[in-house]
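Keep the sequence and the 3D view open as you read.

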Amino acid sequence: MSDPPADTYAGGTADIVIVMSQLPKIQRHRWLTWPRLCAAAVLSLAGICLIGLATVFALAPGDPVRGEQIYQRCFACHAIDRDRTGPRHAGLFGRAAGSVPNFPYSAAMKKAGVSGLVWNDETLNAFLESPTTYIPGTRMGYAGIKDPQERADLIAYLKKATQQ
Ligand code: HEC
């Protein structure tokens, strides 16, 4: 029952043979040369790859409303306007890492700031993904946020909230 009838298969093979035998005729069209066919195939493949890459990397723009909810995870140690276990986040964007006066940063965080680390979309995205990988030796005891969309949302919220 499950095997296809033998003539279906033979028909399929015959179709392929017919298509193959047509190829030299197709080639006779002056503009449809093999190099052009190959170039078209390569370009199509490249196009498909690009679309794939774009889908992987293009995130929806961060949503500050969802980001505010994600910031609840930071509240254990941070506030926007005052230091707690972690430094205040007010004025975070454009600020050198480890630069809130009188906050007892780790040596690693201070060193990162002195070496030129400034908080912006990119550096926050990398730090928040895995704080201890981005700044080995940081005192921020937080595993990180693995979901790129959650990080984008959180950063969109921080950008708004830390400017006020
Ligand atoms: C368990 C406590 C804790 C949690 C939870 C936590 N942090 Fe931190 N955070 C810290 C500490 C402590 C530091 C200072 C780190 C150092 O000096 O190495 C810090 C530093 C930072 C810095 C660097 C600030 C500066 O002035 O250079 C940023 C940015 C930051 N945290 C963002 C966040 C965000 C966003 C979250 C939530 C996703 C979060 N943190 C969750 C404790 C925490």
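Where is N102 found? N102 sits in the loop between α4 and α5. Keep in mind that this is a predicted model. The chain has eight helices and zero strands.

**The whole chain**
- Read along the sequence, the pattern is α-α-α-α-α-α-α-α.
- The chain has 164 residues, and 15% of them count as buried.
- Take the contacts between residues at least 6 apart in sequence: 50% of these join residues at least 24 apart.

**Around the ligand**
- The ligand is surrounded by 26 residues.
- The closest of these are C74, C77, G86, S106 and M109.
- Three helices, α4 (72-75), α5 (107-114) and α6 (121-129), each supply at least two residues of this shell.
- By type, the shell holds 17 nonpolar, seven polar and two charged residues.

**The nonpolar core**
- The largest nonpolar core has 15 residues.
- Inside this core, L154 and L158 have the most contacts.
- Helices α5, α6 and α8 (148-161) each supply at least two residues of the core.
- The helix that gives the most is α8, with five residues.
- Leaving out residues up to four places away in sequence, L158 touches H89 and L92.

**Helix α8**
- Helix α8 has 14 residues.
- From its first C-alpha to its last, α8 reaches 20 Å, close to the 20 Å expected at 1.5 Å a residue.
- The buried residues in α8 are R151, A152, D153, L154, I155, Y157 and L158.
- These buried residues of α8 pack against α3 (64-70) and α6.

**A closer look at D153**
- D153 is part of helix α8.
- Is D153 buried or exposed? D153 is buried, because 25 other C-beta atoms lie within 10 Å, and a residue counts as buried with 20 or more.
- Which residues does D153 touch, not counting residues up to four places away in sequence? D153 touches G62, D63, R66, G67 and I70.
- One of these partners is G67. D153 and G67 are 86 residues apart in sequence, yet 4.3 Å apart in space, C-alpha to C-alpha.

**Two loop residues**
- Return to N102, in the loop between α4 and α5. Most residues other than glycine have a negative phi. The phi of N102 is near 70°, a positive value in a residue other than glycine.
- Is N102 buried or exposed? N102 is exposed, because 6 other C-beta atoms lie within 10 Å, and a residue counts as exposed with 12 or fewer.
- S115 is in the loop between α5 and α6.
- With 9 other C-beta atoms within 10 Å, S115 is also exposed.
- S115 and A97 are 18 residues apart in sequence. In space they are 9.3 Å apart, C-alpha to C-alpha.

Notes:
Residues numbered from 1 in each chain as written. Predicted model: local features only at pLDDT ≥ 70, side-chain atom pairs only at ≥ 80, totals over all residues. Near = placed C-beta within 6 Å. Helix = DSSP H or I, 4+ residues; strand = E, 2+ residues; numbered from the N terminus. Nonpolar A, V, L, I, M, F, W, Y, C, P; charged D, E, K, R; others polar. Core = buried A, V, L, I, M, F, W, Y, C linked by C-beta atoms within 7 Å. Contact = placed C-beta atoms within 7 Å. Expected span 1.5 Å × (residues − 1).
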